[in-house]
Amino acid sequence: MSEKIPYKIYLEEHEMPKQWYNVRADMQKKPAPLLNPATLQPCTAEELGNVFCDELVKQELNETDRYIDIPEEIQEFYKMYRPSPLVRAYCLEKKLDTPAKIYYKFEGNNTSGSHKLNSAIAQAYYAKQQGLKGVTTETGAGQWGTALSMACSYFDLDCQVYMVKCSYEQKPFRREVMRTYGANVTPSPSTTTEVGRKILAEFPDTNGSLGCAISEAVEKATTQDGYRYVLGSVLSQVLLHQSVIGMESKIAMDKYGITPDIIIGCAGGGSNLGGLISPFMGEKLRGEKDYRFIAVEPASCPSLTRGVYAYDFCDTGKVCPLQKMYTLGSGFMPSANHAGGLRYHGMSAVLSELYDQGLMEAVSVEQTAVFEAAQQFARVEGILPAPESSHAIKCAIDEAMKCKETGEEKTILFGLTGTGYFDMYAYGAYNDGRMSDYIPTDEELQKSFDTLPKID
């Protein structure tokens, strides 16, 4: 065991990033623009401003500024739980008997239990600065809804959350945290919106999807004065805010002369993965260093590994802009037995473009194997990981075992996005042997692909 590298590397407050990093500035080939679904032309700032906060629209469309200042009030809020620790997984390394060096960036040391607060506080801040009454959003497993309810409470904003129905039922404690912070939480699809009623009429037994919940939240935002819609993943503005994860990781590693060979993150819509890899990817894009990046997604919702790269609606109700991304189709409904988050039908346009260029890899894993890895990690590292994060843990263990076979001493960094203490229904299903794996068939995916919009 090295005496030079502590178990936990903490940065000082003055070492925290004061700017977000915009990876698009270093991409020679930029992500394709969002399209207006009515005209199929690139969305203008004015059109996006009907849905999103004005300053967030500017960030969404900004492809030239490499760094964007973090407002001082957001910096001060970050100091309540940031900088987050970079942890050397000595115990896991010993258990695996691997020569690999394993590090994880732990984002679960705040009440929301995840990295989502990094963007939630930024989006709530800009909504308050604009003089809005409140915001609407969707949430899957509940981390984003929890984080946003905290941020809105801090700024005295109304928070309306549409929570995917199966998660609403399986995760009552996360729902109650949102309500404790003052949020109104509705299971989606619901009868409170026109699009929700339409989806229920077509799929009366549906357990919901993020695509459904997004449609409802957008409808609510656009039909109430003084409200805007905010999103916890996928959009470029969200990856921008989450870049603090990767920037802190890089500062901490540079401080001790550590260079990761492999950087791994779970992938649903792309917020934590994009945030973790952005500054490292920037070095790769600029030709300064090379890294291997791996996106890990659930086999039950495999947008990168089995999806198609095409323009698609960001929501099931088809009211949002079209985005070019790796997608399973906006009507794709993940199986209800999928226990974690990572259930969005598409992937961030930024990450989709990087993946399409061959700058990162992607793998899919089955959830029983994910929970086996989560249990193994919890027993030696002392943290009960979120199911989402456990996808990255599974891949990190696999890569460490490859090092054991080859004798290579590679350095692995993965993102531990949060804790799993609100996910005990899923852990119970795994411990009782009731958890099963579901992998969509090619026929099921093709049926969804056939509904993609026809765009030249």
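The lining of the second largest cavity divides into ten nonpolar residues, with no polar and no charged ones. Here Ala, Val, Leu, Ile, Met, Phe, Trp, Tyr, Cys and Pro count as nonpolar, Asp, Glu, Lys and Arg as charged, and the others, Gly among them, as polar. Among the residues lining this second cavity are Leu34, Phe52, Cys314 and Tyr344, and its volume is about 100 Å³.

Keep in mind that this is a predicted model, where local features need pLDDT of at least 70, side-chain atom pairs count only at pLDDT 80 or more, and totals for chains, interfaces and linings use all residues. Residues are numbered from 1 along each chain as its sequence is written, and side-chain values use heavy atoms, leaving out hydrogens and water.

What is a cavity, then? On a 1 Å grid over the protein atoms alone, it's a set of points where a 1.4 Å probe fits but cannot get out, and lining residues have an atom within 4 Å of a point. Grid points are joined across faces, edges and corners, and a volume is the space filled by probe spheres set on the points. Five cavities of 30 Å³ or more turn up this way.

The largest cavity holds about 380 Å³ of space. It is lined by 27 residues, and Lys116, Leu210, Ser233, Gly269 and Leu342 are the closest to its centre. By class, that lining has nine nonpolar, 14 polar and four charged residues.

Now for the sheet: seven strands (DSSP E runs of at least two residues) form an open, mixed sheet in the order β1-β4-β5-β15-β10-β11-β14, where pairing takes at least two DSSP bridges between two strands.

Methods. On a 1 Å grid over the protein atoms alone, a cavity is a set of points where a 1.4 Å probe fits but cannot get out, and a pocket is an open set with protein on both sides within 12 Å along at least five of seven lines; lining residues have an atom within 4 Å of a point. Helices (H or I, at least four residues) and strands (E, at least two) are DSSP runs, numbered from the N terminus.
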